[in-house]
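Hi everyone, thanks for making time. Let me put the sequence and the model up, and then we can walk through the packing together.

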Amino acid sequence: MSRSFRTPLGRIEGLGAAKAGTFHFWHQRITAVALVPLSVWFVASALAYVGAEQGAVAAFFAEPINAILMALFILAAVYHMSLGLQTIIEDYFHAEGLKLTLVVCVRFASWGIGAASLFALMKLALGTPA
């Protein structure tokens, strides 16, 4: 017996998510699972350096494992945020032009936030002057 995630009505009518819905769904779930340990690491690290000097934080991120974990946290969080906001927009905005505009704005804002965060991390990790 073949296993399908489509509803019986969807199989009869041939309608569905046009192969994009499950992709979006699984990416959102995968980033959520990845964010669990990364968020625990991030919160523990942030709490350990509350009130610390910039040099101490820079030394923490100069260690490759910490810089890599932070980069992974940024990438997963920004992508997860982008997917979640896209879902909200698609569910609650019904005018197609507004929906498209908002999804494009969210995507550009997400790229901007991710790029700025990674740039700041690289400057901090490599010890380049501000």
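Leaving aside its neighbours within four places in sequence, which residues is I74 in contact with? With contact meaning heavy atoms within 4.5 Å, I74 meets G114, S117, L118 and L121.

A word on the ground rules. This is a predicted model, where local features need pLDDT of at least 70 and side-chain atom pairs count only at pLDDT 80 or more, while totals for chains, interfaces and linings use all residues. Residues are numbered from 1 along each chain as its sequence is written, and side-chain values use heavy atoms, with hydrogens and water left out.

Now the overall picture. The chain has five helices and zero strands; helices here are DSSP runs of H or I with at least four residues, strands are runs of E with at least two, and both are numbered from the N terminus. Among contacts between residues at least 6 apart in sequence, 68% join residues at least 24 apart. Of the 130 residues, 24% are buried, where buried means under 20% relative accessible area, exposed means over 50%, and partly exposed lies in between, using a 1.4 Å probe and protein chains only.

Let's look at the core. The largest nonpolar core has 14 residues, and W41, F61, M70, F73, I74 and L121 touch the most other members. By nonpolar core I mean a set of buried Ala, Val, Leu, Ile, Met, Phe, Trp, Tyr and Cys residues joined through side-chain atoms within 4.5 Å. Helices α2 (21-48), α3, α4 and α5 (96-126) each supply at least two residues of this core, and α4 gives the most, with seven.

Which of its residues are buried? They are A58, F60 and F61. These three cover an arc of only 155° around the axis, so they sit on the same side of α3; the arc is that of the directions from the helix axis to the C-beta atoms.

How does α3 cross its partners? The axes of α3 (residues 54-62) and α4 (residues 64-92) come within 5 Å and cross at roughly 90°. That makes α3 roughly perpendicular to α4, a label for angles of 65 to 115 degrees, with under 35 counting as roughly parallel, over 145 as roughly antiparallel and the rest as oblique. The axes are lines fitted to C-alpha atoms over the stretch in contact, and angles run from 0 to 180 degrees between N-to-C directions. In this contact, F60, F61 and A62 in α3 meet P64, N66, A67 and M70 in α4.

For α3 and α5, the axes come within 7 Å and cross at roughly 95°, which makes this pair roughly perpendicular. Here Q54, V57, A58, F61 and A62 meet L121, L124 and A125.

At 12% relative accessibility, F61 counts as buried. Its contacts, leaving aside neighbours within four places in sequence, are W41, N66, A67, M70, L121, L124 and A125. The C-alpha atoms of F61 and M122 are 61 residues apart along the chain and separated by 8.8 Å.

Last stop: Y49, in the loop between α2 and α3. At 29% relative accessibility, Y49 is partly exposed. Not counting residues up to four places away in sequence, Y49 touches A56, V57 and F60. That's my tour, so over to you for discussion.
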